[in-house]
Structures are given as structure tokens and as C-alpha cells.
Amino acid sequence: MKIGEVSLLTNDVVRLADFYKQLLETDNQSDDTVHQVIIAEETMLTIYNDGSVKNNQNQNICLAFTVDDIEQAYQRVLGMGAQIVQMPAKQPWGATNMIFYDPDGNTIYLRSFAK
């Protein structure tokens, strides 16, 4: 069994999808207000409004993306105006992580590994 999709439920699909398109430097050519596929590789990342009202108090989930250059990614995230939780910092297990919130308050980790 494989994970087929991670979907972020939101009240504002366009706003959250635009944030992830900028973060991930991709363009899905969609402005759909109900559902957008952002990454369509083995495991998809989608942004979806299922019609229910969200409280944006997402405290039990985080997304982690691996990047080649954590400092470059950090500067890009700063430029996007995201709320930084933790600046890039070396972790005991070898990764360098940074943490920030997306516009809905989801916790996002960017990480890089020493080569």
C-alpha cells in the first residue's frame, strides 16, 4: 500500500494553492476555487474545500519538504511573508531544518541533508 494523496483542507483554495505554488516553484495552471492538485507525482499534494468551515487550528499535522539549499529556501520563504517558527538549524540527526506556517496555520518543515 502507498500513500496516494495528502490533501490540505481549507476555506480558501486559491490563496493556499497560490502559496504552495510559490513555495514549491511550480504552476498547475489552475485557479479552481474548490480543488487544485499541486504535486502529481507518486504522492499527490492537493488543496481542497470540502464545503465545511475550517478553524485553521491545525495542531496535529505537519508537512516536510526536502530542499537542496536550505539558506536559499529560507530567503524565499521570508520573501513570501510566511511566519517563521524556527530559522534554519542543524539537528542532531544530521538534517538542517527550518519551520514556518502556511497561510492556514499548517506547520511546514523545510530540510536539507549534508552531502
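Mentor: Apart from neighbours within four places in sequence, Thr107 contacts Ile61, Cys62, Leu63, Ile99, Phe100 and Tyr101. The model under discussion is predicted.

Trainee: Why is Thr107 counted as buried?

Mentor: The relative accessibility of Thr107 is 17%, and buried means under 20%; Thr107 therefore counts as buried. Thr107 is placed in strand β7, residues 107-113.

Trainee: What makes β6 and β7 a pair of strands?

Mentor: Pairing requires at least two bridges, and 7 bridges join β6 (residues 95-101) to β7; the two strands therefore pair, and they run antiparallel. Among the residues involved, Phe100 has Ile108 in β7 as its bridge partner.

Trainee: Which order do the strands take in the open sheet?

Mentor: The 4 strands follow the order β4-β7-β6-β5, with mixed pairing.

Trainee: Why are β4 and β5 called edge strands?

Mentor: Each of them, β4 (62-66) and β5 (83-90), pairs on one side only. From one strand to the next, the twist averages 15 degrees.

Trainee: Which strands does helix α2 touch where it packs on the sheet?

Mentor: Helix α2 (residues 70-79) touches β5, β6 and β7, and its direction makes about 170 degrees with that of β5.

Trainee: How do you know which accessibility class applies to Val34?

Mentor: Val34 has a relative accessible area of 42%. Val34 is found in the loop between α1 (13-23) and β2 (35-40), and together with Leu9 and Tyr48 makes a nonpolar surface patch of about 230 Å².

Notes. Residues are numbered from 1 along each chain as its sequence is written. This is a predicted model: local features need pLDDT of at least 70, side-chain atom pairs count only at pLDDT 80 or more; totals for chains, interfaces and linings use all residues. Side-chain values use heavy atoms; hydrogens and water are left out. Patches are made of residues with over 30% relative accessible area and no salt bridge: like charges are joined within 9 Å, nonpolar side chains (Val, Leu, Ile, Met, Phe, Trp, Tyr) within 5 Å. Accessible areas come from the Shrake-Rupley method with a 1.4 Å probe; for residues, only the protein chains shown count as cover. A salt bridge is a side-chain nitrogen of Lys or Arg within 4 Å of a carboxyl oxygen of Asp or Glu. Buried means under 20% relative accessible area, exposed over 50%, partly exposed in between (1.4 Å probe, protein chains only). Contact means heavy atoms within 4.5 Å. Axes are lines fitted to C-alpha atoms, for helices over the stretch in contact, and angles run from 0 to 180 degrees between N-to-C directions.
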